[in-house]
Amino acid sequence: MNTHDRKPARPFGVTLAILLCVLFFSVIPLISVGSRVMIERHIAGNQTFMMPDGSTVDAVSGVDEGGALDDDAVRVQIAVSVVFIVVAFFAWRGRSNVMRYLFMAAVIGIALVLLYQNFVLFRDSGFEGGTGAALLGFVRNINILFLILLPAYVVWYLNRAPARAFYRGYYLKKELDWLAAQDED
């Protein structure tokens, strides 16, 4: 095969970056919102509860019948997750340099918003002391670390030569010369 006819293949690192971002920025948030909505609907729909002794209770104290989730927040989360999946799909397909930049911007934008939310939650949290606070602090630190490392990986890898060639759709002259030298060996 002539090296000039080669189309750049999708590098594994691009696939890995896109799959990780879809998992953490779309799939997990959609599962979280979906499970909370289902639980709240189940609790709000069951106004009679069976006790272990067989008796029934008409109302449960402490259950908010209106639900704890704001409908607008649910719609925003669903919209952001679906739009990100669409952007990730077109970034996975490649062949447009614009998609490379759009995907990087989407990842950085979502990560910055989530970092901001984490810092506000940390600042405003009233959790102090106890084993639950230590676990919450550990999870929050891992989440913040992830929100820094994943966008850094995406920006780093999508700016590497194989990823740029994939999104460009062709190799540059110096890349073709290197590929030809590799074919001769």
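Val154 counts as buried, at 0% relative accessibility, and its place in this predicted model is in helix α4, which covers residues 130-158. When residues up to four places away in sequence are not counted, Val154 touches Ala17, Cys21, Phe103, Met104 and Val107. A further relation across the chain is that of Val154 to Leu16, for the two are 138 residues apart in sequence, while their C-alpha atoms are 9.3 Å apart in space.

The setting of this residue can be described from the overall arrangement of the protein, which has six helices and two strands. Read from the N terminus on, these elements follow the order α-β-β-α-α-α-α-α. Of the contacts in the protein that link residues at least 6 apart in sequence, 74% join residues at least 24 apart. Buried residues account for 26% of the 185 residues in the protein.

The protein has an average pLDDT of 82, and 78% of the residues score at least 70. Confidence is lowest in strand β1, residues 49-50, where the mean is 70, whereas helix α2, residues 71-93, has the highest value, at 92. Where pLDDT is low, the predicted coordinates should not be read in detail.

Helix α2, in which confidence is highest, consists of 23 residues and reaches 33 Å from its first C-alpha to its last, a span close to the 33 Å expected at 1.5 Å a residue. The helix is followed by Gly94, whose phi is positive, near 75 degrees. The buried residues of α2 are Val74, Ser81, Phe84, Val87, Ala88 and Ala91. In an α-helix there are 3.6 residues a turn, so residues three or four places apart point the same way.

Once its neighbours within four places in sequence are left aside, Ser81 is in contact with Phe25, Ser26, Pro29 and Leu30. Ser26, for its part, lies in helix α1, which spans residues 12-45, and is likewise buried, with a relative accessible area of 0%. With neighbours within four places again left aside, the contacts of Ser26 are Cys21, Ser81, Phe84 and Ile85; of these, Phe84 is also listed with the buried residues of α2. Cys21, which is in contact with Ser26, is also one of the residues touched by Val154.

Gln77, another residue of helix α2, is partly exposed, because its relative accessible area is 26% and the range for buried residues lies under 20%. Apart from its neighbours within four places in sequence, Gln77 is in contact with Phe25, Pro29 and Val33. Although Gln77 and Ser26 are 51 residues apart along the chain, their C-alpha atoms are separated by 8.7 Å.

The model also contains open space between its residues. Rolling a probe the size of a water molecule over the atoms shows where empty space is left. The second largest pocket holds about 210 Å³ of space, and its lining is formed by Pro8, Ala9, Pro11, Ala161, Pro162, Ala165, Tyr171, Glu175, Trp178 and Leu179. The elements that give two or more residues to this lining are α5, residues 161-168, and α6, residues 173-184. By class, the lining residues of the second largest pocket divide into nine nonpolar, no polar and one charged.

How values were computed:
Residues numbered from 1 in each chain as written. Predicted model: local features only at pLDDT ≥ 70, side-chain atom pairs only at ≥ 80, totals over all residues. Heavy atoms only, no water. 1 Å grid on protein atoms, 1.4 Å probe; cavity = no way out; pocket = protein on both sides within 12 Å on 5 of 7 lines; lining within 4 Å. Points joined across faces, edges and corners; volume = space filled by probe spheres on them. Helix = DSSP H or I, 4+ residues; strand = E, 2+ residues; numbered from the N terminus. Nonpolar A, V, L, I, M, F, W, Y, C, P; charged D, E, K, R; others polar. pLDDT = per-residue confidence, 0-100. Expected span 1.5 Å × (residues − 1). Buried < 20%, exposed > 50% of the residue type's maximum accessible area, 1.4 Å probe, protein only. Contact = heavy atoms within 4.5 Å.
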